[in-house]
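Please view the structure below before reading on.

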Amino acid sequence: MKNRIFWGMLGFIVLVLGFGTYGFVKIHQDKNAHIKKETDEKKVVANRQQEQKVSDLLNQSNLLSKQYNYEKAVQLLETSKLLTNEKVTQRLSQLKEEQASLKTWQDNLKISHLFFHSLIKDTKKAFDGDSKQNGYNEYMATISEFNHSLEQLYANQYVLVNMHDIAEVKDGKMICKEIRLPEGKKPLVLSQDDVSYYEYMKGDGFAANLTISKENKITNTYTDDEKVEYGSFDMVPLLDDFVAAHPDFSYKGAKGIIALTGYNGVLGYRTSVSEYGDNEKTKTEIEQAKKVATFLREDGWEFASHTWGHLNAGKVSMEQLKADTERWENEVKPVIGNTDILIYPFGSDVGDWQSYAGNPKFDYLHSKGFNFFCNVDGSTPYWMQLGDNYLRQARINIDGIKLQAQMTNKINVLSPFIDAAKTWDPARPKLQE
């Protein structure tokens, strides 16, 4: 009996120990499997994160290269911690090959400059037969005409550059810079005058201002019979949209030049203290305009003085020019920041085609920090003058006058850029001869 009990107990103990050992081993195996699963999952997550980092890096470099900024694109990859990745090394090799294939633009004094005024959003309101219709018809373009112009400029291989891509002041001397583009591409400057959204334009089918949207983009405000819309209704946001869709239309992120007066404020904000008073409302407008101006600068836009009061700089006295420049410095410069570009109103100039050397008005304007000067000459596709300490460039207007003149064979200056007949908006009345 005792033996049976002993052997029974021993068997039970062995059985328990067996199950215990099995359980221990099973738990250990399960734990190892769990650890392995966690490790594998972490590796998968890490690989995905690595792939995303590589993808983001390549996307950044690709955008830079599409805009011909190969120096930055190459530097971005060469200084990256992901340089050992095969995709990154392959792309770096491709970038260097593409960079080597670029051609230096042969003559920076053979670069064209086109410009627009405010764009008409609603042709019915602009061309309603009132006393302002003829002015709008002559000097403005419609949104449709602007969009058609961009499409044709892009198709004709033009690429936007800024004035400071063309030349720079070095040791007090103006010198041309190297512009490198693919074979067949042509640099072009684009500007817009009077981006102040003047009071006289209210209710005539134009945007009211430039503002920053909730999506962190520049947009226009447009008011129609008390209904407020936000969208791309003028040159700046329309060009932003086009460059976003066609990044190779922009050289190193360049957009265009925004020429500003000051008497009605800037960018659609009533920022002039001398006109609207030194009060809280004006201060609020100034702060809003500053935010928009900063955004624009960071997004590839340049600013230019268009004089404070839209003066004919060639005709006014030196005293008037000085007083106006001081107003511009006091009321516009603090809002938009420094600029060394002057775009003359009325297409005027302080001199003729000869050098500025010895010109007192030029000497004064240059002493106030202006190095780049733009007038208007619609007789030739390009005209530039490189002085010792300045660069002067002629611009060509795209508006009702030029489009109709081109269509009636009175001029041919627009033909390298656009087809006037394809650009003309049928909603525009025929101009009076």
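## Cavity and helix packing

In this predicted model, the residues lining the largest cavity comprise five nonpolar, three polar and one charged. They are Ser-305, Thr-307, Leu-321, Asp-324, Thr-325, Trp-328, Leu-342, Leu-365 and Phe-370. The volume of this cavity is about 60 Å³. A search of the whole structure for cavities of 30 Å³ or more finds one. Helix 11, which spans residues 318–331, contributes the most to the lining, with four residues.

| Helix pair | Crossing angle | Axis separation |
|---|---|---|
| Helix 2 and helix 3 | about 160° | 10 Å |
| Helix 11 and helix 13 | roughly 15° | within 11 Å |
| Helix 6 and helix 8 | roughly 35° | within 11 Å |

Helix 11 also packs against helix 13 (residues 360–367), their axes crossing at roughly 15°. The two helices are therefore roughly parallel to each other. Their crossing is right-handed. On the side of helix 11, the contact involves Met-318, Leu-321, Lys-322, Thr-325 and Glu-326, while helix 13 supplies Pro-360, Lys-361, Tyr-364 and Leu-365. Sorted by class, this contact holds five nonpolar, one polar and three charged residues. Leu-321, Thr-325 and Leu-365 take part in this contact, and these residues are also among those that line the largest cavity.

How are helix 2 and helix 3 oriented to each other? Helix 2 covers residues 70–78 and helix 3 covers residues 86–101, and the angle between them is about 160°. Angles over 145 degrees count as roughly antiparallel, and helix 2 and helix 3 are therefore described in that way. Helix 2 passes helix 3 in a left-handed crossing. From helix 2, the residues in contact are Tyr-70, Glu-71, Ala-73, Val-74, Leu-77 and Glu-78; from helix 3, they are Val-88, Arg-91, Leu-92, Leu-95, Lys-96, Glu-98 and Gln-99. Seven nonpolar, one polar and five charged residues make up the contact of helix 2 with helix 3.

Helix 6 and helix 8 cross in a right-handed manner. Helix 6 brings Ile-143, Phe-146, Asn-147, Leu-150, Glu-151 and Tyr-154 to the contact, and helix 8 brings Met-235, Leu-238, Leu-239 and Phe-242. The contact of helix 6 with helix 8 has eight nonpolar residues, along with one polar and one charged.

How values were computed
Residues are numbered from 1 along each chain as its sequence is written. This is a predicted model: local features need pLDDT of at least 70, side-chain atom pairs count only at pLDDT 80 or more; totals for chains, interfaces and linings use all residues. Side-chain values use heavy atoms; hydrogens and water are left out. On a 1 Å grid over the protein atoms alone, a cavity is a set of points where a 1.4 Å probe fits but cannot get out, and a pocket is an open set with protein on both sides within 12 Å along at least five of seven lines; lining residues have an atom within 4 Å of a point. Grid points are joined across faces, edges and corners, and a volume is the space filled by probe spheres set on the points. Ala, Val, Leu, Ile, Met, Phe, Trp, Tyr, Cys and Pro count as nonpolar, Asp, Glu, Lys and Arg as charged, and the others, Gly among them, as polar. Axes are lines fitted to C-alpha atoms, for helices over the stretch in contact, and angles run from 0 to 180 degrees between N-to-C directions. Angles under 35 degrees count as roughly parallel, over 145 as roughly antiparallel, 65 to 115 as roughly perpendicular and the rest as oblique. A crossing is left-handed if the near helix is turned anticlockwise from the far one by less than a right angle, and right-handed if clockwise. Contact means heavy atoms within 4.5 Å.
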